[in-house]
Amino acid sequence: MEISEMREWERISAHSHILGLGLDENYRALRKADGMIGQIEAREAAGIIVKMIKEGKFAGNAILIAGPPGSGKTALAIGIAKELGEDVPFVHIAGSEIYSSEVKKTEFLTQTLRKAIGVRIHEMRNIYEGKVESLSVEYMQHPYNPYQKIPATATITLKTKNEKKKLKMDQSFAMQLLQQGIEEGDIIQIDADSGRVVKIGISKDAVEEKSYDLSSEKIMDIPDGSVLKEKEFVYTLTLNDLDMMQSRSGMDLASLLFGASERKEISEDVRRRVDEQVKRLVEDGRAELIPGVLFIDECSMLDIETYAFLNKAMEQELSPIIIFATNRGITTVRGTDIKSPFGMPLDLLDRLLVITTKKYDAEDMKEIIMTRAKKEGIKIEKDAMEYLVEIGQKASLRYAIQLLAPAWELANKEEIKREHIERVYKLFADVKRSVNYLRKMEEEMIYD
Ligand SMILES: Nc1ncnc2c1ncn2[C@@H]1O[C@H](COP(=O)(O)OP(=O)(O)O)[C@@H](O)[C@H]1O
Ligand SMILES: [Mg+2]
């Protein structure tokens, strides 16, 4: 896994139970739905924002989710992402990542903003489509290695409900067939211009004949119509995807010889070219732009320069919707000595719609912990649960949830009892207790 994927996984795994905002058709929150529990008003507010985003009525604005630690700010943002659906880009970063990245701050921000804008491209392509009735690959002698044969051409017969067609294809096609392990009975598409092949499934009748494990295959009917047809393809890429593609195609000799290293910076020139291409596609009706969401968690880490940059980005014609989250009240804006609400500069506060999340009561907290336990396959006794909720109320919900895994280990993965919670509570300090401890140690050292 790459580092970025790893981060992504760590970030979302704690929220894997969240499937949406849990609203009814009138945007009213059900107390418990889609993995969401309580926090009714914040969820309803988030629902209205989702509606506005979907209708394209939120440009130039930003949202701030403010509330104490463990009150579900991140969970709420994930819920918003789920409601927006797969097609709307949702980029999730933590404020501190801006500084840890290997590229300049502004470059990182630009890339991140462009990841949050989607381009839905429609393309009509001529394709051959059908069930593979028969297939044979003809081999030839390898030009240098006398002991090896290599594929030369392939002959394939495709069948639809109405037609059968025999195609004689070239070497690169034959290679693709072998690489992808395409067999008789598969349903495939061949792009007529590029010769690229994709397997889209297995035909029903072929499945009935063979009887191997097909859990990962899509079983489908034989396609209608003629084998060669014009078909619309729709796919969504982000501006950043297009930037990367564009800058990669300009590979130079050095990168061919020494391996293409992932380019860290994308030039303004590349971006300008991409923007022009996209604009043309949109004007021709072949693409639509989809402004997505950039979620900046723990935004108290952002400094005045970053805020200024984001503020300017929001004024651009094409900008994602930015959602911030913080647990700070009035504090200094980083990089200045000015105090302001949430540590944000005033011009940004002007654009902001604020959603507040509140600390959970024992009842809600219990249900959230239970949901997490269930999701992780952890069994916990009633008494132990009560104690854990008590801890959660004193420290934080997140801390209580974190104790589940080590307690489960102690319980030998049978059932967590009160004594297991007591023990992990002693072994793993929460933030408050560990800070108090360090403070006491400091005092002892000073007055020793
Ligand atoms: N209303 C809720 N319903 C379900 N799970 C929640 C809810 N609020 C928080 N959680 C879960 O509790 C944990 C802590 O919440 P989190 O969103 O990380 O809090 P915050 O971001 O405010 O610090 C996470 O695992 C989160 O998914
Ligand atoms: Mg959070």
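This report walks through a predicted model of one protein chain and its ligand.

## The whole chain

Let us begin with the overall picture. The protein chain has 448 residues, and 32% of them count as buried. Its C-alpha trace spans about 85 × 55 × 55 Å along the principal axes. If you count secondary structure elements, you will find 17 helices and 17 strands.

How do contacts link up the sequence? Among contacts between residues at least 6 apart in sequence, 66% join residues at least 24 apart.

## Around the ligand

Now find ligand 1 in the structure. How many residues surround ligand 1? There are 22, and the closest are I37, G72, K73, T74 and A75.

By class, the shell holds ten polar, nine nonpolar and three charged residues. Domain 1 and domain 3 each supply at least three residues to the shell.

## A parallel sheet

Next, look for an open sheet of five strands, in the order β4-β13-β14-β3-β17, with parallel pairing. Which strands are at the edges? They are β4 (90-94) and β17 (352-356), each of which pairs on one side only. On average, neighbouring strands of this sheet are turned by 20° against each other, direction ignored.

You can follow one of these pairings in detail. Strand β3 (residues 62-66) is joined to β17 by five bridges in the parallel sense, and A62 stands opposite L352 of β17.

## Antiparallel strands

Strands of a sheet pair through backbone hydrogen bonds, either parallel or antiparallel. For the antiparallel kind, turn to strand β5 (residues 117-141) and strand β6 (residues 149-159), which are joined by ten bridges. One pair to look for is S134 with its bridge partner T157 in β6.

Strand β6 also pairs in the antiparallel sense with strand β7 (residues 164-169), this time over six bridges. Here L158 has K165 of β7 as its bridge partner. A hairpin of four residues connects β6 to β7.

## Helices to look at

Is helix α5 (residues 105-115) mostly covered or mostly uncovered? Helix α5 is mostly covered, as eight of its eleven residues are buried. The buried ones are F108, L109, T110, Q111, T112, L113, R114 and K115.

Finally, see how helix α14 (residues 382-394) meets α15. Their axes come within 7 Å and cross at roughly 140°. On the α14 side the contact is made by L388, I391 and G392, while α15 contributes L397, Y399, A400 and L403. Six of the residues in this contact are nonpolar and one is polar, with no charged residue among them.

Notes. Residues numbered from 1 in each chain as written. Chains lettered and ligands numbered in written order. Predicted model: local features only at pLDDT ≥ 70, side-chain atom pairs only at ≥ 80, totals over all residues. Near = placed C-beta within 6 Å. Nonpolar A, V, L, I, M, F, W, Y, C, P; charged D, E, K, R; others polar. Domains from an automatic or database assignment. Buried ≥ 20, exposed ≤ 12 C-beta atoms within 10 Å, placed from the backbone. Helix = DSSP H or I, 4+ residues; strand = E, 2+ residues; numbered from the N terminus. Pairing = 2+ DSSP bridges. Axes fitted to C-alpha atoms, helices over the stretch in contact; angles between N-to-C directions. Contact = placed C-beta atoms within 7 Å.
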